[in-house]
Amino acid sequence: MAKKKKRLAASEELNITSMMDMMTIILVFLLKSFSATEITVNPSDNLKLPNSNADKDPGVAINVVVAKNEILVDNKRIVGIEPYTDPDVPGQTMYKISDGDRKGNDVQALYSAFETAAKNAEGVANLAKKRDDVGFKGKILFQIDKDVPFSLVRDVMYNAGQAKFAEFEFVVIKTEG
Amino acid sequence: MSDREMPKEEPLDLVPIMNLVTILIPVLLMAIKSVEVAVIDTTLPAIGAPSEATEDMPDKPPLQLKVAITNSGIRILGANEYLYPEGRAVVEGAQAPPDVPCKSNARCKGVEDYDWADLSKKLVNIKKGAQADDRDSDAVVLMPESNIQYEVLVRTMDITRKTDGEDGMRLFPVVSIAGGSK
């Protein structure tokens, strides 16, 4: 054992300069990605966001996901979505809230979910009245799949409007230009 | 693993591997870089911001631009004097064709079939005309048909907001979405 120690001491020391280089680069990259936004987007086959040249950063708001198979409000599944075909639009699958879940434009489950979310947000806003940025302004962040028809978007917007939400922000994937 | 053999081994030179890793890690991090998201602001027309008072210029009501997105193309409403300064040919008994027809001249078959370049050109004309007439407005109301894909709606909002390019011209960034027809 004594022999080995002597040998190690004689050998060259490990050059850690390049490792430091690596760490520096990783650090820069991590810091860059750390400035990401607060909202989480989970793209899947059922939720593909459209591209846009918009450049406004998302703020804090109620998150609503309209995917091809379900609608989520604050990550809770509220109502399912079923595909159908419209004879007016051949070759394109349409999506809608099933007729059993709705009464005209009203979708009760969706409306109650929005109302609960509005109440919660208002509660938080009242607790923190002094801070403008957390006040309840009726803002919703929509993450909507790019293939769903406008009728579905309108249904969701209508029910959100009924529950005092008025400012809608559509989450999109930022493209250059 | 006898002690006698060990001393003969050269120390492992890690530097080339470290260099490789140094290159690899940024490349991998670039590849898995998460998507960058942004948001588009809209309001409901009914409860959106009221339009500016027009009392001081009664002759020149501000532009009230509406863009209807249909399956056969895009109609621009409320700005005919800029779109067709010489008047528009009206065919009796027939519905006027859309102001921006689809490239395939029939039912639009997807996002790329809409003539976005033409729409952008016409909106720039309208904006310039309205600015010259001192009745400029930032607002536009979008009226999509029920079966229009959401992607088309987003693209229309992109086009109506600003022109392409680094210093894109600001067009109509205040977007409202109207219910549209069933």
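The expected span of a helix is 1.5 Å times one less than its number of residues. That rule is used in the third view of this predicted model.

**View 1. Chain A, its helices and strands.** Chain A holds four helices and seven strands. Followed along the sequence, these elements come in the order α-α-β-β-β-β-β-α-β-α-β. Chain A has 177 residues, and 27% of them are buried. Now take the contacts in chain A between residues at least 6 apart in sequence. Of these, 66% join residues at least 24 apart.

**View 2. Chain B, its helices and strands.** Chain B has four helices and six strands. Starting at the N terminus, the pattern reads α-β-β-β-α-β-α-β-α-β. There are 182 residues in chain B, and 28% count as buried. In chain B, residues 24 or more positions apart account for 66% of them.

**View 3. Helix H4 of chain B, end to end.** This helix covers residues 150-161. H4(B) has twelve residues. From its first C-alpha to its last, H4(B) reaches 17 Å.

View 4. Is H4(B) mostly covered or mostly open? The helix is mostly covered, with twelve of its twelve residues buried. Walk along the helix to see which residues these are. B:Tyr150, B:Glu151, B:Val152 and B:Leu153 are among the buried residues. Further along, the buried residues include B:Val154, B:Arg155, B:Thr156 and B:Met157. B:Asp158, B:Ile159, B:Thr160 and B:Arg161 are buried too.

**View 5. Helices H3 and H4 of chain A, crossing.** Two packed helices are described by the angle between their axes and the distance between the axes. Here H3(A) spans residues 108-127 and H4(A) spans residues 150-162. Their axes come within 8 Å. They cross at roughly 45 degrees. Angles under 35 degrees count as roughly parallel, and 65 to 115 as roughly perpendicular. H3(A) and H4(A) are therefore oblique to each other. The crossing is right-handed.

**View 6. Helices H3 and H4 of chain A, the contact.** Which residues of H3(A) make the contact? They are A:Leu110, A:Tyr111 and A:Phe114. H4(A) contributes A:Val156, A:Asn159, A:Ala160 and A:Gln162. By class, the contact of H3(A) with H4(A) has five nonpolar residues and two polar ones. It has no charged residues.

How values were computed: Residues are numbered from 1 along each chain as its sequence is written. Chains are lettered from A and ligands numbered from 1 in the order in which they are written. This is a predicted model: local features need pLDDT of at least 70, side-chain atom pairs count only at pLDDT 80 or more; totals for chains, interfaces and linings use all residues. Helices (H or I, at least four residues) and strands (E, at least two) are DSSP runs, numbered from the N terminus. A residue is buried if 20 or more other C-beta atoms lie within 10 Å of its own, exposed if 12 or fewer, and partly exposed in between; C-beta atoms are placed from the backbone. Axes are lines fitted to C-alpha atoms, for helices over the stretch in contact, and angles run from 0 to 180 degrees between N-to-C directions. Angles under 35 degrees count as roughly parallel, over 145 as roughly antiparallel, 65 to 115 as roughly perpendicular and the rest as oblique. A crossing is left-handed if the near helix is turned anticlockwise from the far one by less than a right angle, and right-handed if clockwise. Two residues are in contact if their C-beta atoms, placed from the backbone, lie within 7 Å. Ala, Val, Leu, Ile, Met, Phe, Trp, Tyr, Cys and Pro count as nonpolar, Asp, Glu, Lys and Arg as charged, and the others, Gly among them, as polar.
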